[in-house]
Amino acid sequence: MNARTALDLDPTAASAARRAVRQRLAAWALDDLIEDAQLIVSELVTNALRHGRGPLELRLRTDGRRLHVEVRDGAGDFLPQPRHAPDQAVDGRGLRLVAAMADDWGWERSAEGKSVWAELTA
């Protein structure tokens, strides 16, 4: 099963992505993954907004056992790298959080830009 959602390049993109994840995973009976998938997608969309450029697209795919979440943007020149944020920093921990929560994650460059993805096991 697959789903795609185009996202606007504005601050509402992360909430729209979380809503799409919640609705799609509920329809796919993957309720146990909703909370983690929403947090992961929120981090990936926020990074795409901060460091990428449009168009933005959320892609979800499942075989009923594994969930693949992916955020695509049009900036293939900025590739994601987890970084160490000082204790007093208010940001900079997103990809470390994704790596800790997901079973696997990564990124791929394409002619259109890049995609950053994560996988969760149901």
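Okay, let's start where two helices touch: Ala13, Ala14, Ala17, Arg18, Val21, Arg22, Leu25 and Ala26 in helix 1 meet Ile34, Ala37, Gln38, Val41, Ser42, Val45, Thr46 and Leu49 in helix 2. Contact here means heavy atoms within 4.5 Å. Helices are DSSP runs of H or I with at least four residues, strands are runs of E with at least two, and both are numbered from the N terminus.

Before I go on, this is a predicted model, where local features need pLDDT of at least 70 and side-chain atom pairs count only at pLDDT 80 or more, while totals for chains, interfaces and linings use all residues. Residues are numbered from 1 along each chain as its sequence is written, and side-chain values use heavy atoms, with hydrogens and water left out.

Back to that contact. For the classes, Ala, Val, Leu, Ile, Met, Phe, Trp, Tyr, Cys and Pro are nonpolar, Asp, Glu, Lys and Arg are charged, and the others, Gly among them, are polar.

Now the geometry. Two packed helices are described by the angle between their axes and the distance between the axes. For helix 1 and helix 2, the axes come within 9 Å and cross at roughly 150°. That makes helix 1 roughly antiparallel to helix 2; the cut-offs are under 35 degrees for roughly parallel, over 145 for roughly antiparallel, 65 to 115 for roughly perpendicular, and oblique for the rest. Axes are lines fitted to C-alpha atoms, for helices over the stretch in contact, and angles run from 0 to 180 degrees between N-to-C directions. The crossing of helix 1 with helix 2 is right-handed, meaning the near helix is turned clockwise from the far one by less than a right angle, with anticlockwise being left-handed.

What about helix 2 and helix 3? Helix 2, residues 34-51, and helix 3, residues 94-101, pack at about 150° with their axes 10 Å apart. They are therefore roughly antiparallel to each other too, but this crossing is left-handed. On the helix 2 side you have Asp36, Leu39, Ile40, Glu43, Leu44 and Asn47, and on the helix 3 side Gly94, Leu95, Leu97, Val98 and Met101. Those residues come out as seven nonpolar, two polar and two charged.

Let me zoom out. The chain has three helices and five strands, and along the sequence the pattern goes β-α-α-β-β-α-β-β. Of its 122 residues, 43% are buried, where buried is under 20% relative accessible area, exposed is over 50%, and partly exposed is in between (1.4 Å probe, protein chains only). If you take contacts between residues at least 6 apart in sequence, 60% join residues at least 24 apart.

In what order do the five strands sit? The order is 1-2-3-5-4, in an open sheet with antiparallel pairing; two strands pair if DSSP finds at least two bridges between them. Strand 1 (2-7) and strand 4 (104-110) are the edges, each pairing on one side only. From one strand to the next the twist averages 15°.

Helix 1, residues 13-27, packs on this sheet, touching strand 1, strand 2 and strand 3 (66-73), and its direction makes about 20° with that of strand 2. Helix 2 lies across strand 1, strand 2, strand 3 and strand 5 (113-121), at about 15° to strand 3.

Strand 2 is worth a stop. Six of its seven residues are buried. Six bridges join strand 2 (residues 56-62) to strand 1, antiparallel; threonine 5 has leucine 58 as its bridge partner, and alanine 6 has glutamate 57. Strand 2 also pairs with strand 3, antiparallel again, over six bridges, with arginine 61 partnered by histidine 68. That hairpin has three residues between the strands, and glycine 64 takes a positive phi near 90° there.

Most residues other than glycine have a negative phi, and most peptide bonds are trans. Which bond is cis? The one joining glycine 54 and proline 55, with omega about -5°. Proline 55 is in the loop between helix 2 and strand 2, and at 65% relative accessibility it counts as exposed. Beyond its neighbours within four places in sequence, proline 55 contacts Arg72, Asp73 and Gly74. And then alanine 29, not a glycine, has a positive phi of about 60°. Alanine 29 is in the loop between helix 1 and helix 2, and counts as exposed at 60% relative accessibility.
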